[in-house]
Amino acid sequence: LRVNQAGELAATLIYAAQTPPLLRTHPHLRSLMQHMYSQEAGHFSTFNELLARHRVRPTLMYPVWTVAATALGWGTAMLGREAAMACTEAVETEIGTHYNGQVRVLLGWMREMEERGEEVGEEARELVGQLKKIRDEELEHLDTAVGEDARAAKGWPVLNTIIRGGCKGAIWVSERV
């Protein structure tokens, strides 16, 4: 939950930082950027509620992720529409993989419980449902970014590799700190 909340914080900050520079040169992206930001803000709210309910502390890296996500959003937007979309593609690729892994683990635990004759609580089923819904929205963002020419960004292979590596690193650190 801590990692998911940190990731959704980062997503809202990336979109918030990307939107003003992008809209100056691409005003037609207003509704798309608002749509993606609104979904991310909803995800962030969901994980804030889950952290509070389960008394899980946020990552201690919150201040670092705040600066990093804002810089990433602003920096990729300043490189242009394609680079901003390349950022979305890279981030959502890693986040989709992360959520898929969580869903697989939880479904495995639930299956093992049922095989032992134990009852799986409604809260666990709801969590899996929430994770699937959020994952699907993240993958929608990925598909949108590809459709908006993410791969046409100058230096896309390098940009993609760096951003995905940063996401993997942030996930690894947030799991531990």
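Author: Contact, as the word is used here, means heavy atoms within 4.5 Å. The model discussed below is a predicted one.

Reader: With which residues is valine 91 in contact, leaving aside its neighbours within four places in sequence?
Author: Valine 91 is among the residues with the most contacts inside the largest nonpolar core, together with Met33, Met85 and Ile163. Once the neighbours within four places in sequence are set aside, the contacts of valine 91 are with Ile14, Ile163 and Cys167.

Reader: Which element gives the most to the largest nonpolar core?
Author: The largest nonpolar core has 40 residues. At least two residues of this core come from each of H1, helix H2 (30-54), H3, H4, H5 and H6. With twelve residues, the element that gives the most to this core is H4.

Reader: How many disulfides does the model have by the rule used here?
Author: A disulfide requires a pair of cysteine sulfur atoms within 2.5 Å. For cysteine 87 the closest cysteine sulfur is that of cysteine 167, and because the two lie 7.5 Å apart they are too far for a bond. Cysteine 167, for its part, is in no disulfide. By this rule the count of disulfides is zero.

Reader: Is cysteine 167 buried or exposed?
Author: A residue is called buried when its relative accessible area is under 20%, and exposed when it is over 50%. The relative accessible area of cysteine 167 is 13%, so cysteine 167 is buried.

Reader: Which element supplies the largest share of the lining of the largest pocket?
Author: The largest pocket holds about 390 Å³ of space. Among its 20 lining residues, Ala10, Leu72, Gly166, Cys167 and Ala170 are the closest to its centre. Two or more lining residues come from each of helix H1 (2-25), helix H3 (62-79), helix H4 (81-115) and helix H6 (156-176). The largest share, eight residues, is supplied by H6.

Reader: How many charged residues are in the lining of the second largest pocket?
Author: The second largest pocket, with about 170 Å³ of space, is lined by Leu1, Asn4, Gln102, Val105, Leu106, Trp109, Leu127 and Leu131. The elements that give two or more residues to this lining are H4 and helix H5 (122-147), and H4 gives the most, with four residues. By class, the lining has six nonpolar and two polar residues, while the number of charged residues is none.

Reader: Which residues does glutamine 5 touch, not counting residues up to four places away in sequence?
Author: Glutamine 5 is found in helix H1, and its relative accessibility of 3% is under the 20% cut-off, which means that it counts as buried. Not counting residues up to four places away in sequence, the residues that glutamine 5 touches are Phe44, Phe47, Asn48, Leu51, Pro58 and Tyr62.

Reader: What distance separates the C-alpha atoms of leucine 142 and glutamate 126?
Author: Leucine 142 is found in helix H5, and it counts as buried at 14% relative accessibility. Apart from its neighbours within four places in sequence, leucine 142 is in contact with Glu89, Glu92 and Thr93. Glutamate 126 is 16 residues apart from leucine 142 along the chain, and the separation of their C-alpha atoms is 24 Å.

How values were computed
Residues numbered from 1 in each chain as written. Predicted model: local features only at pLDDT ≥ 70, side-chain atom pairs only at ≥ 80, totals over all residues. Heavy atoms only, no water. 1 Å grid on protein atoms, 1.4 Å probe; cavity = no way out; pocket = protein on both sides within 12 Å on 5 of 7 lines; lining within 4 Å. Points joined across faces, edges and corners; volume = space filled by probe spheres on them. Nonpolar A, V, L, I, M, F, W, Y, C, P; charged D, E, K, R; others polar. Core = buried A, V, L, I, M, F, W, Y, C linked by side-chain atoms within 4.5 Å. Buried < 20%, exposed > 50% of the residue type's maximum accessible area, 1.4 Å probe, protein only.
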